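Dear colleague,

I am handing over the structure we spoke about, and below it you will find my notes on what came out of the analysis. Please read them with the model open beside you.

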Amino acid sequence: DGGRLALREGWWRRRTSFLLMEKVQSVAVQDGLFDRRWRQASLLVDTASGHSTGHHFALRWLSRDLADALQAAIVERAAQARFRWS
C-alpha cells in the first residue's frame, strides 16, 4: 500500500527491505530446469538507486502462477507511480 512493497528474507540473518514503486526499473520472472519441473520461479526486481550497484531483490521458490501474478501487479503499480527526485 502507499506505493511501497515490503520484502522480508532470511532465516538466520533477517533482512527487511522496502521498495518504492516509483523507483522500480525492471521486473522479471526467472526459472531454470528444476524450477520448471516443480512449477516454481523467482521474481527479480531492480530499482533505481544512488549507489553504483543499485538494488536487486529476489523472491525465490514461488509457484509459477504466483510469480506471474506478482510481476503483473508490480508492473502495473510501478507504471502508475509518479517518479520523484529525492
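A residue is called buried when its relative accessible area is under 20%, exposed when that area is over 50%, and partly exposed in between. By that cut-off Arg64, with a relative accessible area of 23%, is partly exposed. Please keep in mind throughout that this is a predicted model.

Asp31 lies in the loop between E3 and H1, whereas Arg64 belongs to helix H2, so the pair ties together parts that are 33 residues apart in sequence. Salt bridges that share partners join Asp31, Arg36, Arg64 and Asp68 into one network. Within it, Asp31 also forms a salt bridge with Arg36, where the closest N and O atoms are 3.3 Å apart. Asp31 is partly exposed because its relative accessible area is 25%, and Arg36 is likewise partly exposed, at 47%.

The structure holds 5 salt bridges, and another of them links Glu9 with Arg15, whose closest N and O atoms are 3.4 Å apart. Here Glu9 has a relative accessibility of 36% and therefore counts as partly exposed, and Arg15, at 39%, counts as partly exposed too.

Turning to helix H2 itself, which runs over residues 64-80, its 17 residues should span 24 Å at 1.5 Å a residue, and the end C-alpha atoms are 25 Å apart, which agrees. Which residues of H2 are buried? They are Ala67, Ile74 and Ala78, and because they cover an arc of only 35° around the axis, they sit on the same side of H2. On the other side of the helix, Asp65, Ala79 and Gln80 are exposed. The buried residues of H2 pack against strands E1 (4-9), E3 (24-30), E4 and E5 (55-63).

Trp38 lies in the loop between helix H1 (33-37) and strand E4 (40-47), and its relative accessible area is 58%, so Trp38 counts as exposed.

Terms used:
Residues are numbered from 1 along each chain as its sequence is written. This is a predicted model: local features need pLDDT of at least 70, side-chain atom pairs count only at pLDDT 80 or more; totals for chains, interfaces and linings use all residues. Side-chain values use heavy atoms; hydrogens and water are left out. Helices (H or I, at least four residues) and strands (E, at least two) are DSSP runs, numbered from the N terminus. Buried means under 20% relative accessible area, exposed over 50%, partly exposed in between (1.4 Å probe, protein chains only). The expected span of a helix is 1.5 Å times one less than its number of residues. The arc is that of the directions from the helix axis to the C-beta atoms. Contact means heavy atoms within 4.5 Å. A salt bridge is a side-chain nitrogen of Lys or Arg within 4 Å of a carboxyl oxygen of Asp or Glu.
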